Amino acid sequence: MKDRCTAILLAAGKGLRMGGNTRKQYLDLEGRPLFTYSLATMDNCDIITDIVITVLKGDEEICKEMIDVCGLGKKVRKIIAGGSERCFSVYKGIKQIDWPCNYVFIHDTARPFIEEDTLKRLYNEVRIHKACVAGVPSKDTVKISDSEGFVVKTPNRKDVWIVQTPQVFEFEMIREAYEKMVHSYVDVRAKGVVITDDAMVVEFFTGCRVKLVKASYRNIKVTTPEDLVTVLAYLKEKQEPDKQ
Ligand code: CTP
Ligand code: MG
């Protein structure tokens, strides 16, 4: 029987680093809100069977309208309020899944250019390894610093990856890992650990190894205003592929 894969699409952030009057998930890109780009890709990809979207509390209705206007959302089962931090938005999304689900694709809608090919490759890998994340080999040398901003270590560049989303996991495994994380969150924070992605939850709370899957350098996260320049350039490239 065909696997069922739920995508949890995260759009409940405040976009503080972007600033401006419009929250970044709602920024207009060629006539539709940024968060609908990855939704469209997930909607069109056969691997994804169900979708949960987390939005800012109070935005549930308006998001539903935006999705309807775009003619998207045929797989959207729920639009729910996210949490105060990304990890709590993910947890809330996971808790909503009460339908058959083999694998969960957790994706930041702030990454509009996720490609179907990457989703396929992630799916193939998660069936083997139970946990995998999209990423790209780092083009830059990365330094680890101490609290005063002095270099303490330089990892070998060939071992350094820049990690993206989707991050994909066997459903039961990630559900249990997130339950553990939420219950020991105070201890985790007390150690100074900030949970910034889902793989960290697996690394901390399970024995499962996380496989890195090479995605595209175009799968950028829209975080600060200069990222918008790149986004617009990529959109133009999509519209005028022959001119490249
Ligand atoms: N996100 C979320 N719930 C939160 C925080 C973030 O669903 N409490 C989502 C964002 O909407 C985004 C993704 O997680 O799609 C990655 O987060 P990030 O790029 O940090 O976005 P923001 O948190 O919105 O931005 P900032 O950190 O600059 O405030
Ligand atoms: Mg954030």
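In this predicted model, helix α4 is followed by lysine 130, whose phi angle is positive, near 75 degrees.

**Helix α4: length**
- Helix α4 comprises 14 residues, 116–129, and at 1.5 Å a residue it should span 20 Å.

**Helix α4: buried side**
- Five names make up the buried set of α4: Thr118, Leu119, Leu122, Tyr123 and Val126.
- These residues cover an arc of only 140 degrees around the axis, and they are therefore on the same side of α4.
- An α-helix has 3.6 residues a turn, so residues three or four places apart point the same way.
- The packing partners of the buried residues of α4 include the helix α1 (35–44) and the strands β1 (5–11) and β6 (103–108).
- Further partners of these buried residues are β7 (131–137), β10 (161–170) and β11 (211–214).

**Ligand 1**
- Ligand 1 is surrounded by 19 residues, and the closest are Gly15, Leu16, Arg17, Ser89 and Lys221.
- In the side chain of serine 89, an N or O atom lies 2.7 Å from a nitrogen atom of ligand 1.
- Glycine 83 places a polar backbone atom 2.9 Å from a nitrogen atom of ligand 1.
- For glutamate 85, the distance from a backbone N or O atom to a nitrogen atom of ligand 1 is 3.4 Å.
- On its own, ligand 1 has 560 Å² of accessible area, of which the protein covers 87%.

Conventions. Residues are numbered from 1 along each chain as its sequence is written. Chains are lettered from A and ligands numbered from 1 in the order in which they are written. This is a predicted model: local features need pLDDT of at least 70, side-chain atom pairs count only at pLDDT 80 or more; totals for chains, interfaces and linings use all residues. Side-chain values use heavy atoms; hydrogens and water are left out. Helices (H or I, at least four residues) and strands (E, at least two) are DSSP runs, numbered from the N terminus. The expected span of a helix is 1.5 Å times one less than its number of residues. Buried means under 20% relative accessible area, exposed over 50%, partly exposed in between (1.4 Å probe, protein chains only). The arc is that of the directions from the helix axis to the C-beta atoms. Contact means heavy atoms within 4.5 Å. A residue is near a molecule or strand if one of its heavy atoms lies within 4 Å of it. A polar contact is a pair of N or O atoms within 3.5 Å; within protein, one must be able to donate a hydrogen and the other to accept it, and residues adjacent in sequence count only if both atoms are side-chain atoms. Accessible areas come from the Shrake-Rupley method with a 1.4 Å probe; for residues, only the protein chains shown count as cover.
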